[in-house]
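Subject: Structure handover

Hi,

Here is the structure I promised to pass on. Please have a look at it first, then read my notes below.

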Amino acid sequence: MAAPSPSRPQKISIRNEEWDRRLHEVPISKNDLNRLIMDYLVVQGYKSAAEEFCHEANLSAPVDFDSIESRMNIRDALHRGDVEDAIARVNDLNPEILDTNPALYFHLQQQRLIEYIREGRISEALQFAQDELAPRGEESPEFLTELERTMALLAFDALPSAPPGIAELLSPAQRMKTAGEVNAAILESLGQPKDVKLVGVLKLLEWGEKELSDRAEYPHLHL
Amino acid sequence: MSRSTARSASIPIPRAQPSSSRNIESVITLPVSSPRSRGPQPIPILQHRTTDDQRTTPNNGPRSVRTSNISVATSTSPIRPVARSLTQSSPSLTMRSSPRSTTTGFEPRVIRGDAARSVTIDPACLSTSPASPLPRTRRPSSIPATPRASSSHRSPSATQPPPQTVSFARPAYLDESAMRHLLQTEAPPQILPPGRKPSQTSRRSPTPSDDSDAEGSPPPKRRTADTAPEILHLPTRWSESYRHDFLSISQDGRDITYQGSSCTGDRDAAAARTTRPIPPACGIYYYEVDILSKGNKGHISIGFAGKDVKLSRLPGWEPNSWGYHGDDGCSFAAEKAGTPFGPTYGTGDTIGCGIDFSTNTAFFTKNGSFIGSVFRDVGKNVELYPSIGLRHSGESIRVNFGQDRFHFDIEFYVQQQRARAWANIMATPVSTSLLSSAGPSSVKTPATDDQTRGAINKLVLSYLSHHGYTKTAHAFQKQTQEPERDHDVDMDGEGLGMDGDMERRTRIVNCVVEGDIDTALADTRRYYPAVLTANEGLMLFKLRCRKFIELLLETTELKKQRDMEMLAARKADAMDDDEMGMDVDEDAIPLEGPGDVGSGADGEVARSSKDRLEAALSQAIHYGQSMLNDYQSDARPEVQSLFKRTVGVVAFHDPIAHGGITAEVARPEARTELANELNQAILRSQGRPVRPALETIFRHTAAVVYELGMIGVGAAAFADVQKEFIDATPHSAD
């Protein structure tokens, strides 16, 4: 290991017992953690788990559970590849969601195009791209790039040879990405937090571990 | 941005008056509190003069009478009598008017103000000239200590500390810091007993000391990893030790006036800094400076400096110093020429100066408007002090460290910056190795959303299982497995544990929560016998203690029930009597002992509940005796102290209502705590972690961020775990 540079103070070191003491002193209660769990269940749409959790952990319902249900129906439709159904359901819920989110609407239409291509309905795909997507592509460079990327799928008939950046459009992850976007937009329209707190905790942990391991020797996270 | 009201032009004007008037003002407002203020009148003059000598011979302060300076002083002070009576009451005032040369020989000077200083011979000259062999940059090491010490020797009113800065509330913008609870303003340092200082002050030399300032309270120990967290002191005043000789600092530590005089030339830069460095845990720190007078040229620098930056240089000229100069509006960071930055500033302006530790950049404001951010790597490897530099006599400033309202809307600014810093942190991709058992790896592969969700699902499931939320766990498991079968959410073994085990454990734990200790004990004995024998039966003992308390609480309930029944019976009796009886009865009931049973049918009711009460009491006592038998020889302090506390409950009529430690032992929350303990004991007996992984992650994260804040990573101050993750989550608990 290189000698520490003079400007960088030497790493401090924190012993196990001291670290344990500090872990112990973090002010977090079971109820706090329960609420974090509930937040996760609600945002991710685990409705029945959330309902059970209300009873078992003695929490009052943070949201109307029916709203979870409709969000989940939309998500499921997207996971199935039934974009039309999803769009209809979103509009049933609140037409403003798509009206006020051009990017979201574009991504849904893009997903629809992807589904056409996946199913080999090439002529429909072309028609749809020309009618629906091309005009929007003129609205923003981001839309245009995405449209071009999607259309490139047509060029690669044999999928294995497609470049990863293009083939990934056909992966389940792309569906989930779109579904996640829709989920977030619905939550936002309901005035509910759209970011999962637990994910935030992990991000903060990732950031903090990196920053602190540069400066200190301390016990690693031990699960 | 400029929500704060524009500074009225009329405000600065009084401030801009020559400092003589200000001096008088401050003299007058001083508490004239010394009862003996009219005492030794002529003496102080002589004494004060001697302090010039005392500077070189600290602490002995022989009252040798010197005359040369006196003549100067007397001849130039036209209103001496008045001055004397006023100043007498506050010896420390001298430090303000001429801190460098004398302690209390100020009387004439207060009156003379700037006039005397600039026109004729300034006594300051007299004292500097003999010192001329010393380099001008000499740090005024023992100066502040000596005069103070000697003043407390000499002055009649020295026994009471001279008026100090009024301590002030922590500025509101600092509430944005996650570590706000540690950030404190403080009353400025008290005058220390003589003889104490020299060791500290003389230590100024090149010792690579920690961060302690010579002034004031014991050095704020830089926290080593193993000491408990301490208070982080905020800057509150300019330092008397770390200021150039030419600068005089007002008694409240906020004003700085250039006192260098014509005899020494007027080109000398002179700087001062605060007593305390800025804790990076502030996230952003901000202070404002009123330019009371820019003198002729406005050679004023406002900024930051490291601990030991030369005091004969303006902030920004030297390495580890940064400044914004009033005469040309340039910013300086270890440069002589300066870089064009903002407008010039002068008399009547208010300049704000901030440091953002999350980006290590500085920013400045003028009269409430943002000028811009400037500099890089400010205070990255050096402790940072607010610092001011002046160059000409007549220049004078007053600082606001939060004592007064800020002109600039710093709260709004900090909120924005905090949000930005937090967004940056939240843009960190979670890596696949974060939660792997291999520990953090240097190779960071960003996890996909799926992987992240999978990891969280696993955490959630094990959390639910840990706390025995059985139904939730099953529902969750079902839902997570369904649509995303390809996720490797580890649902077996580790998650829910052996089938039925979670349910059993949960049932036992719930029994304790409900107070059914017998069932809990029986089931534990049956399914997890190791729990009761571990630690020489400590868990068993605790459960039995609780059982005893439950028995006692039962008697309390029965007692209440009986009393109620009797009261009802009395009431009924009274109703049967005539109406007049009401008044009488209301008085009478409390007077009668509870055991004073009425007649007829009422007595029967009371008797049956009385029987039950007696049965319960005897059961409780019996149980207590058997415990005493079993545990009186157990020497473990933990056992004995818990036993004592438990038995102590007997003494109270209604232990929970009684409050204090008794209620703590008896109240229902104690059941939950015990249940939790039992849960952990069972898990431990199975070789499982006593904390859910999720909780460990949360605690670890919070501890990491806290440590980062303490060691000066500014962004950590804007990572408010509590606010972001706990407070922001809807409080849905009943």
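A term first: helices (H or I, at least four residues) and strands (E, at least two) are DSSP runs, numbered from the N terminus. Please also note that this is a predicted model.

Chain A overall

Chain A has 12 helices and two strands. Along the sequence, they run β-α-α-α-α-α-α-α-α-α-α-α-α-β. Chain A counts 223 residues, and 35% of them are buried. Take the contacts in chain A between residues at least 6 apart in sequence: 53% of these join residues at least 24 apart.

A helix pair in chain A

Look at α5 (residues 83-93) and α7 (residues 102-118) of chain A. Their axes come within 9 Å and cross at roughly 160 degrees. Angles over 145 degrees count as roughly antiparallel, so α5(A) is roughly antiparallel to α7(A). From α5(A), the contact uses A:Val83, A:Ala86 and A:Ile87. From α7(A), it uses A:Leu108, A:Gln111, A:Arg112 and A:Glu115. By class, the residues of this contact are four nonpolar, one polar and two charged.

Where chain B touches chain A

This contact takes 58 residues from chain A and 53 residues from chain B. On the chain B side, the elements that give two or more residues are α11 (410-426), α12 (449-466), α13 (470-481), α23 (693-710) and α24 (721-727). Which of them gives the most? That is α23(B), with 15 residues. The chain B side has 30 nonpolar, 14 polar and nine charged residues.

Best wishes

Conventions: Residues are numbered from 1 along each chain as its sequence is written. Chains are lettered from A and ligands numbered from 1 in the order in which they are written. This is a predicted model: local features need pLDDT of at least 70, side-chain atom pairs count only at pLDDT 80 or more; totals for chains, interfaces and linings use all residues. Axes are lines fitted to C-alpha atoms, for helices over the stretch in contact, and angles run from 0 to 180 degrees between N-to-C directions. Angles under 35 degrees count as roughly parallel, over 145 as roughly antiparallel, 65 to 115 as roughly perpendicular and the rest as oblique. Two residues are in contact if their C-beta atoms, placed from the backbone, lie within 7 Å. Ala, Val, Leu, Ile, Met, Phe, Trp, Tyr, Cys and Pro count as nonpolar, Asp, Glu, Lys and Arg as charged, and the others, Gly among them, as polar. A residue is buried if 20 or more other C-beta atoms lie within 10 Å of its own, exposed if 12 or fewer, and partly exposed in between; C-beta atoms are placed from the backbone.
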